[in-house]
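Subject: Structure handover

Hello,

Here is the structure we talked about. Please open it next to this note and follow along.

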Amino acid sequence: PDLDRPAYVIEARMATTIGMIVPAFCPEIQERNITVYAWLKRKKQLECHPLETFLRQAEEEWYEYGKAFKQQEPSLKDVPPYPYTVEMVRAWVAEADGAQRR
């Protein structure tokens with residue numbers, strides 16, 4: 001069949017199926033996913049999306065949506081302040097990290 005992607009690129013549905021079936025037949029892969037890939041995924045996520053940048057973008061989006069809602073319905077109150085700070089999220093991350101180590 002004619003495909004518009006390279007042969008090594010699989011569809012999301014197939015990747016999900018493989019990701020569920022293969023570890024079921026090979027417990028070593030499942031163990032490696034838990035011990036190695038979990039921390040690696042978190043590390044790469046934070047490298048690509050630093051906390052400060054992520055929160056700044058979330059706050060900008062918060063106010064953009066608020067302004068859009070206000071334009072659609074002028075009777076709405078002003079946009080409330082963004083409810084999260086870097087310190088709050090850092091505390092939650094530290095708490096989650098501690099819970100994972102237990």
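A salt bridge here is a side-chain nitrogen of Lys or Arg within 4 Å of a carboxyl oxygen of Asp or Glu. Keep that cut-off in mind for the pairs below.

First, the ground rules. This is a predicted model, in which local features need pLDDT of at least 70 and side-chain atom pairs count only at pLDDT 80 or more, while totals for chains, interfaces and linings use all residues. Residues are numbered from 1 along each chain as its sequence is written, and side-chain values use heavy atoms, with hydrogens and water left out.

**Overall form**

The protein chain has 4 helices and 0 strands. From the N terminus on, the order is α-α-α-α. The radius of gyration is 21 Å, well over the 13 Å that the globule rule gives for 102 residues, so the chain is more spread out than a compact globule. (That radius is taken over C-alpha atoms; the rule is 2.2 Å times the number of residues to the power 0.38.) Along its principal axes, the C-alpha trace spans about 60 × 50 × 20 Å. Helices are DSSP runs of H or I with at least four residues, strands are runs of E with at least two, and both are numbered from the N terminus.

Burial comes next. Buried means under 20% relative accessible area, exposed means over 50%, and partly exposed lies in between (1.4 Å probe, protein chains only). Of the 102 residues, 7% count as buried.

**Salt bridges**

How many salt bridges does a search of the whole structure find? It finds 7.

Glu11 and Arg5 meet through their side chains at 3.5 Å, N to O. Glu11 is partly exposed, at 49% relative accessible area. Arg5 is also partly exposed, at 28%.

Asp97 pairs with Arg42, and their closest N and O atoms are 3.0 Å apart. Asp97 sits in helix H4 (residues 86–101) and Arg42 in helix H2 (residues 27–48), so this pair ties together parts that are 55 residues apart in sequence. Asp97 counts as buried at 18% relative accessibility. Arg42 is partly exposed at 34%.

Lys43 and Glu47 form a salt bridge at 2.6 Å, N to O. They are 4 residues apart in helix H2, which means that about one helical turn separates them. An α-helix has 3.6 residues a turn, so residues three or four places apart point the same way. Lys43 has a relative accessible area of 39% and is partly exposed. Glu47 is partly exposed too, at 45%. Salt bridges that share partners join Lys43, Lys44 and Glu47 into one network.

**A nonpolar patch**

Ile10, Met14, Ile18, Val22 and Ile29 make a nonpolar surface patch of about 400 Å². Patch members have over 30% relative accessible area and no salt bridge; like charges are joined within 9 Å, and nonpolar side chains (Val, Leu, Ile, Met, Phe, Trp, Tyr) within 5 Å. Areas come from the Shrake-Rupley method with a 1.4 Å probe, and for residues only the protein chains shown count as cover.

Which helix gives the most to this patch? Helix H1 (residues 12–25) does, with 3 residues. Met14 lies in H1. Its relative accessible area is 45%, so Met14 is partly exposed.

Gly19 counts as partly exposed, at 46%. Gly19 and Gln30 are 11 residues apart in sequence and 9.6 Å apart in space, C-alpha to C-alpha.

**Helix H3**

H3 covers residues 51–72, which is 22 residues. From first C-alpha to last, H3 reaches 31 Å, close to the 32 Å expected at 1.5 Å a residue. (The expected span is 1.5 Å times one less than the number of residues.)

Leu51, Leu55 and Gly66 are buried in H3. These residues cover an arc of only 45° around the axis, which puts them on the same side of H3. The arc is that of the directions from the helix axis to the C-beta atoms. What does the face turned away from the buried side carry? That face of H3 carries the exposed residues Glu64, Lys67, Gln71 and Gln72.

Ala58 also lies in H3. At 23% relative accessibility, Ala58 counts as partly exposed. Ala58 and Tyr84 are 26 residues apart in sequence and 9.5 Å apart in space, C-alpha to C-alpha.

Best wishes
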